[in-house]
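Subject: Model handover

Hi,

Here is the model we talked about. Please look through it alongside the notes below.

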Amino acid sequence: MPPYKIPKRVKHRKEFRRARDRKATKGNFVAFGEFGLQSLEQCWLKSNCIEAGRIAAQHYLKREGKLFIRVFPDKPVSKKPLETRMGKGKADIDYWAARVREGTVLFELAGVSEARAKEAMVRVAMKMPVRCRFIKRRLSV
Amino acid sequence: MTDQAKLQATVRERLGSRYSRRVRDAGGLPAIVYGHGETPLPIQVDAHSTIREFHKGHKLFQLEVEGVKADGEQYVLLKDLQYDHLGTNIVHCDFARVDLNERVETRVALHYIGDAKGLGSAGAIMMHPLEVLEIECLITNMPEHIDVDVSGMDVGDILHASDVKLPLDTMVLMTDPEAIIAQIVVQAEAEAEGEEAEVGATGAEPEVVGKKTDDDSHGDS
């Protein structure tokens, strides 16, 4: 099983779920590369999904270009075991997730042609639990 | 040097998000004109043609506002663009009134010319941390873009902002001269594998900041 990214240090072991239905006001444009993959829905993106996306892109690109991962799974999500009665405190951490909002850019690519980047991002998007779209760097003034 | 595209505009009588949305639905683009100590003027322009001009690299426009009498020709400089929540569609733009004889600070896009010889190496890619340069120049001399020749770049070479030759001597570079505009890097094998070095194994827990030992924190239990 491939190792997944988790934070090295945290302030609190567990945290509240918090509101999810918001639109991205930052991290919603291509900032580092030339092309990007943008989420069109909100989700808690599991660390293994991010890793799967990274592997899918690298397998296709064969170390061509540079892949930027714009999200980091810093949210611990807990889950009670099956057939457990309610109560007895908050459950153990089940997985780590990145908070993804509508518009968040998940991955970026630099140093490849648009056609190659699009093909790579299609493969990454298949690994994502949300609808995504391919975007390019936007006009800046 | 940039030529002045013409913009036909009408004054927006009713303001606010509701009316701006109606303007956009009708194919318009809400905008504002300000500067030179005059009252800001909310206007609307044709979205399709205006955005096409923006994509051509035009920033200086000759503005004609319907129903507003101006003393001579009015020139405006594109100052800011607002995007929707997905960061792709332009929903509003800011124009500043300018005089053709004044100097302005503006950002100019860089166009990279030529195929760098270092890109032939395996795993070499060209990175552009900066794709615009901030310059100060006379508004009539404002370039649409600056061409940068990268054909001579080899692996490991770095092009700084100070290496760019500005089209005119009167132009002043405002960007940090040491800022990197292009560099050719080789994706080391270690980098591809190295990401996993930071990765925690499944089931591992991160260190909790300021957490005391179990004996100290739960002494009475």
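The largest nonpolar core has 28 residues, and L133(B), M153(B) and I181(B) touch the most other members. A nonpolar core here is a set of buried Ala, Val, Leu, Ile, Met, Phe, Trp, Tyr and Cys residues joined through side-chain atoms within 4.5 Å. Buried means under 20% relative accessible area, exposed over 50%, and partly exposed in between (1.4 Å probe, protein chains only). Two or more residues each come from β5 (74-83), β7 (103-113), β8 (124-127), β9 (132-138), β10 (145-149) and β13 (180-186) of chain B. Strands are DSSP runs of E, at least two residues long, numbered from the N terminus. Domain 1 (5-100) and domain 2 (104-199) of chain B both contribute, so this core lies between them. The domain bounds come from an automatic or database domain assignment.

Now L133(B) itself. Neighbours within four places in sequence aside, its contacts (heavy atoms within 4.5 Å) include V108(B), L110(B), I146(B), L166(B) and I181(B).

There is also a second, separate core of 23 residues; C49(A), V100(A), V124(A) and M128(A) are among them.

A word on provenance. This is a predicted model: local features need pLDDT of at least 70, side-chain atom pairs count only at pLDDT 80 or more, and totals for chains, interfaces and linings use all residues. Residues are numbered from 1 along each chain as its sequence is written, chains are lettered from A and ligands numbered from 1 in the order in which they are written, and side-chain values use heavy atoms, with hydrogens and water left out.

Next, the rings. Over all chains there are 5 aromatic pairs. Rings of Phe, Tyr and Trp (its six-membered ring) pair if their centres lie within 6.5 Å; planes under 30 degrees apart are stacked, over 60 edge-to-face, the rest tilted. F32(A) and F68(A) are stacked, at 5.8 Å centre to centre and 25° between planes. They are 36 residues apart: F32(A) is in the loop between β1 (9-10) and β2 (35-39) of chain A, F68(A) in strand β4 (residues 66-69) of chain A. F32(A) is partly exposed at 48%; F68(A) is buried at 16%.

F54(B) and F61(B) have centres 5.8 Å apart and planes at 70°, so that pair is edge-to-face. F54(B) is buried at 3%, and F61(B) is buried at 0%. Ring pairs join both to F95(B) in a cluster.

Last, R138(A). It lies over the face of F29(A), 4.3 Å from the ring centre. R138(A) also lies over the face of Y83(B), at 3.9 Å. The cut-offs are CZ of Arg or NZ of Lys within 6 Å of the ring centre and within 35 degrees of the ring normal.

Best wishes

Methods: Helix = DSSP H or I, 4+ residues; strand = E, 2+ residues; numbered from the N terminus.
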